[in-house]
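User: Could you take a close look at one helix here and tell me how its buried and exposed sides are laid out, and what sits around it?

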Amino acid sequence: MASHACIDPKHHVHDASGFVHAVERACHERGLRLTPIRARVLGLIADGGKPLKAYDLLEQVRSGEGAGAAAPPTVYRALDFLLANGFIHKLESVNAFVACHHPNTAQHSVPFLICDQCHNAVELEDEHVVAQLDERARALGFMPQAQTLEVHGLCADCARAA
């Protein structure tokens, strides 16, 4: 993966339907099953354009028809599946979810830039930052299990408007 920043949160998620199809292909290749509720939750996240909280996803599923409408706890199981397989990321500091820009790769850590004003989250694609954090931790005898790096501030548009 090349080191660069996605300057558009939808850089690789051109449309929700296309993203869901890419994840369907990835599931097929990995021997996973993308159930209707998983696909629906994934589509809502991809279509959201901004990080979505589980409660907001639950409300959207409840208010609609189709998969998951009658059994809201399935939304949480769908989120667990999507997270575990690297199709979405959880932004821990805001307790929200975004689509992973690379649905065909294994689960991976990426830093996020989160705008505190407009709430956009940009997946900063820089494997060197992730590797450096891992190396520094190991040099201290720490055995990293997962990384969550989130930088809060103002995006370029909000900074210009301020």
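Analyst: In helix α3, residues 54–63, the buried positions are Ala-54, Leu-57, Leu-58 and Val-61. They sit on the same side of α3 because they cover an arc of only 100° around the axis, the arc being that of the directions from the helix axis to the C-beta atoms. Buried here means under 20% relative accessible area, exposed means over 50%, and partly exposed is in between (1.4 Å probe, protein chains only). Tyr-55 and Ser-63 are exposed, on the face of α3 turned away from its buried side. Helices (H or I, at least four residues) and strands (E, at least two) are DSSP runs, numbered from the N terminus.

Mind that this is a predicted model: local features need pLDDT of at least 70, side-chain atom pairs count only at pLDDT 80 or more, and totals for chains, interfaces and linings use all residues. Residues are numbered from 1 along each chain as its sequence is written, and side-chain values use heavy atoms, with hydrogens and water left out.

So what do the buried residues of α3 pack against? They pack against α2 (36–48), β2 (52–53), α4 (73–84) and β4 (96–99), with contact meaning heavy atoms within 4.5 Å.

Two of those partners, β2 and β4, belong to an open sheet of 3 strands in the order β2-β4-β3, with antiparallel pairing; strands pair if DSSP finds at least two bridges between them. The edge strands, β2 and β3 (88–91), each pair on one side only. Between β2 and β4 there are 2 bridges, and Leu-52 stands opposite Phe-97 in β4.
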